[in-house]
Structure formats: C-alpha cells, structure tokens
Amino acid sequence: MDFRAALLDQTRAFGELIRSADPSTPVPTCPDWTLKQLFRHVGRGHRWAAQIIAEHRMSALDPREVRDGRPPDDPDGAADWLIQGAQLVIDAVDWAGPATRVWTFRGPRPAGWWIRRRLHEVLVHRADAALALGSDYDLAPDLAADAICEWIELMSGYSAHPALDVGRSIHLHATDEGLGPTGEWTIVHDRDGVWYSHNHSKADTALRGTATDLLLALTRRRTAADLGIEVLGDAAVWDAWLERTSF
C-alpha cells in the first residue's frame, strides 16, 4: 500500500469537507469539540509530527511549540492549511530519511512510521467530520483493514491495563471480497501479552462486518449494533476491550 498517497488523499478528502461546512458544527464522536477544533487537531498534529522528524527529536514536542499550528479563519485557507500539513510530514521523512529514528509516543521509531500513523489519524477523524455533517464515509477495504491492524497494534500495548484479560480473545472477520487472510484478526492475551494474528480462530467473541464498519466500531465512532455488525459469543469481552482502548 502507498501510505504516502493515501495520507494525501485522506487529508484532501477531509479538507474538502471543511471548505463547505460550518466550523462551529458540533462533533458528537469527539465530545465538546467543534469541527474547527477537530481539523485544527489534525492539521496541528501533522505539523507536530513533521517538526519532530525534521528536528530529529528524541523527546516529545510541546504542541504549543508547533510552527504554524493555527489554521486560517477562512474555509479555503483552513482546508489548504490542513492539506499542506500532510505534505510537510512526507517532506520531513524524505529530508531526514525514512529509517532515521525519532521520538514517538510508542518509543523511538523510524521516521517513516509517522506517515502510516498520521494516515490513520486523519482517516478516523475524517469519519468524525463525516458523521457530524451527515456525509458519506467510504474507504477502500484494504485501507480500512490496515487501519484496523494499526489500531490493534497501538491498543495492544498502549495502556498499563491490558485491553484483554488473560486468556480472553476476540475474532474480527471482514466480509469484504478480496481481503483474504488480511481481513481476519484474532486478538489474544496469553503469556506473551496482548497480540494479534490473521488466523481464522475460535474466540470468546467474534464480530462480522465490513472492514470500514469494523474500524468504526473498534475506534468507538459507532456501535456494532448501529452498524449492523454481527456479534457472536461473549459480548462482555468486546465491551471490556472498548472500555480499555479509548485513545
């Protein structure tokens, strides 16, 4: 997958929502935020990551120190500012070198790590904007599937409290055609910790739906019931996962 092209495409799609929308629109999936606060968060986040990379930082950057961290007030300027931020991330990686290790909130990683992270950040927040505005939200199944992988990777070791109790497991099955094994995820907590594979395995709870719907449910943007996702087995295991994976 071309993560660079996808980052630009997803950010442009978000930018086009901004051009024609009221920036004061409430965003129900991000309580207490307006659309302006949402896209400012994403645009500043792009610049934050780009500055970390460009400065070869090995420690966190205070968001208040991000250069050009506030969007213009006019809708077109704000959309362009947002889109430019994605390009800054790509340019910073090219300048520093994708293998150069820099700070991330998951420990030092190659600078190229940030492209995929920013892609999936904007992808999910574009869903927030689309849901707030009543707009359509469509993703290519392989892109949604990769976002699911990345989310599970982040959540598996993000909190001091494990997302799954020891011995528990969750199986996700995307119903989209053509994904093959990459459309299945079995998440387990065993002696090695919380991890996942693309194995088709029996689990305590299983969910079946499109990759996009599974992503929206995983990231707590909509409930499995609202999305029409089939939930089988012990739903309490799924509910516990959601409670422990807020981000």
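The legends below describe close-up views of a predicted model.

**View 1. Packing of helix α1 against helix α4.**
Helix α1 spans residues 3–19 and helix α4 spans residues 113–133. Their axes come within 9 Å and cross at roughly 25°. Angles under 35 degrees count as roughly parallel, and α1 and α4 are therefore roughly parallel to each other. The crossing of α1 past α4 is left-handed. On the α1 side, the contact is formed by Phe3, Arg4, Ala6, Leu7, Gln10, Thr11, Ala13, Phe14 and Leu17. By residue class, the contact of α1 with α4 holds 13 nonpolar, 3 polar and 4 charged residues.

**View 2. Packing of helix α1 against helix α2.**
The axes of α1 and α2 cross at roughly 150° and come within 11 Å. Because angles over 145 degrees count as roughly antiparallel, α1 is described as roughly antiparallel to α2. Here, too, α1 passes its partner, α2, in a left-handed crossing. Leu7, Thr11, Phe14 and Ile18 of α1 make the contact with Leu38, Phe39, Val42 and His46 of α2. The residues of this contact comprise 6 nonpolar, 2 polar and no charged.

Helix α2 runs over residues 35–54, a stretch of 20 residues. From its first C-alpha to its last, α2 reaches 29 Å, close to the 28 Å expected at 1.5 Å a residue. Of the 20 residues of α2, 14 are buried, so the helix is largely enclosed by the rest of the structure. His56 follows α2 and has a positive phi, near 55°.

**View 3. Asp32 in the loop between α1 and α2.**
Asp32 lies in the loop between α1 and α2. Although Asp32 is not a glycine, its phi is positive, about 75°. The relative accessibility of Asp32 is 77%. Since exposed means over 50%, Asp32 counts as exposed.

**View 4. Arg220 in the loop between α6 and α7.**
Arg220 is placed in the loop between α6 (211–218) and α7 (224–227). This residue, other than glycine, has a positive phi near 65°. With a relative accessible area of 42%, Arg220 is partly exposed.

Terms used:
Residues numbered from 1 in each chain as written. Predicted model: local features only at pLDDT ≥ 70, side-chain atom pairs only at ≥ 80, totals over all residues. Heavy atoms only, no water. Axes fitted to C-alpha atoms, helices over the stretch in contact; angles between N-to-C directions. Helix = DSSP H or I, 4+ residues; strand = E, 2+ residues; numbered from the N terminus. Parallel < 35°, antiparallel > 145°, perpendicular 65-115°, else oblique. Left-handed = near helix turned anticlockwise from the far one by under 90°. Contact = heavy atoms within 4.5 Å. Nonpolar A, V, L, I, M, F, W, Y, C, P; charged D, E, K, R; others polar. Expected span 1.5 Å × (residues − 1). Buried < 20%, exposed > 50% of the residue type's maximum accessible area, 1.4 Å probe, protein only.
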